[in-house]
Amino acid sequence: PNTDFSTGAVLTADQQNRFPRGIMAFSESTTTQAITTTEATAFTLTFTAVANRYYKLSYYESILQVPSGVLAATEIRMRLNSVSGTQIHFSQAQNNSTNQYAPAYSCARLRTFSAGSTTVVLTFKASTGSANAFRDSTATGFFMIEDIGPA
């Protein structure tokens, strides 16, 4: 955490470095993406991480369809480097009836990374059948990484 500031105090470099740095990487899509039973990349973000800082990874989809079928799910993973990389987050939108449905969806992960160039991949996979991330100019999907301060 930072300190309280008072009139006449000198702002130091250490204090400046404790402030959040904001959005480090962002990607938005207006193109509908089919989701199948094969895990596939939805978004890829690359940024330069600083050790011992917290990063918030946020994904939002205006309309994320879940496949039809009892207990069918659209699986969302965040992975390092590629679609087969180390999984750092798992989330799913699940159906509890035989009907398809398409709600708005979001998930987030808070974590630190080793210093240096870092790539995070968000992937989709349908547990059965197929689904879609429906997108257009007013119903978008996005993935972003924010620096929120020192760990």
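**A buried arginine and its surroundings**

Modeller: Arginine 53 counts as buried because its relative accessible area is 4%. Please keep in mind that this is a predicted model.

Biologist: What does the side chain of arginine 53 meet in a salt bridge?
Modeller: Its partner is the side chain of aspartate 147, with 2.6 Å from N to O. The two come from distant parts of the chain, 94 residues apart: arginine 53 belongs to strand S4 (residues 53-61) and aspartate 147 to strand S11 (residues 141-150).

Biologist: Is aspartate 147 buried or exposed?
Modeller: Aspartate 147 is buried, since its relative accessible area is 2%.

Biologist: Why can such side chains pair at all?
Modeller: Side chains of opposite charge can do so when their charged atoms come close.

Biologist: How many salt bridges does the structure hold?
Modeller: There are five. One of them joins the side chains of arginine 79 and glutamate 39, at 2.7 Å from N to O. This pair also links distant parts of the chain, 40 residues apart, with arginine 79 in strand S6 (73-80) and glutamate 39 in the loop between strand S2 (33-35) and strand S3 (40-49).

Biologist: Why does arginine 79 count as buried?
Modeller: Its relative accessibility is 12%, and the cut-off for buried is under 20%.

Biologist: Which residue forms a salt bridge with glutamate 75?
Modeller: That is arginine 77, and the closest N and O atoms of the pair are 2.9 Å apart. Glutamate 75 is buried, at 12% relative accessibility. Arginine 77 is buried as well, with a relative accessible area of 13%.

Biologist: Let us step back. What is the overall make-up of the protein in helices and strands?
Modeller: The protein has one helix and 11 strands. Reading from the N terminus, the order is α-β-β-β-β-β-β-β-β-β-β-β.

Biologist: What does the C-alpha trace span along its principal axes?
Modeller: About 65 × 30 × 25 Å. The protein has 151 residues, of which 39% count as buried.

Biologist: And of the contacts between residues at least 6 apart in sequence, how many join residues at least 24 apart?
Modeller: The share is 78%.

Biologist: Which residues make the nonpolar surface patch?
Modeller: Phe5, Leu11 and Phe19 make a patch of about 270 Å². Phenylalanine 19 sits in the loop between helix H1 (13-17) and strand S1 (22-29). Because its relative accessibility is 33%, phenylalanine 19 counts as partly exposed.

Biologist: Is asparagine 81 buried or exposed?
Modeller: Asparagine 81 counts as exposed because its relative accessibility is 60%.

Conventions:
Residues are numbered from 1 along each chain as its sequence is written. This is a predicted model: local features need pLDDT of at least 70, side-chain atom pairs count only at pLDDT 80 or more; totals for chains, interfaces and linings use all residues. Side-chain values use heavy atoms; hydrogens and water are left out. Patches are made of residues with over 30% relative accessible area and no salt bridge: like charges are joined within 9 Å, nonpolar side chains (Val, Leu, Ile, Met, Phe, Trp, Tyr) within 5 Å. Accessible areas come from the Shrake-Rupley method with a 1.4 Å probe; for residues, only the protein chains shown count as cover. A salt bridge is a side-chain nitrogen of Lys or Arg within 4 Å of a carboxyl oxygen of Asp or Glu. Helices (H or I, at least four residues) and strands (E, at least two) are DSSP runs, numbered from the N terminus. Buried means under 20% relative accessible area, exposed over 50%, partly exposed in between (1.4 Å probe, protein chains only). Contact means heavy atoms within 4.5 Å.
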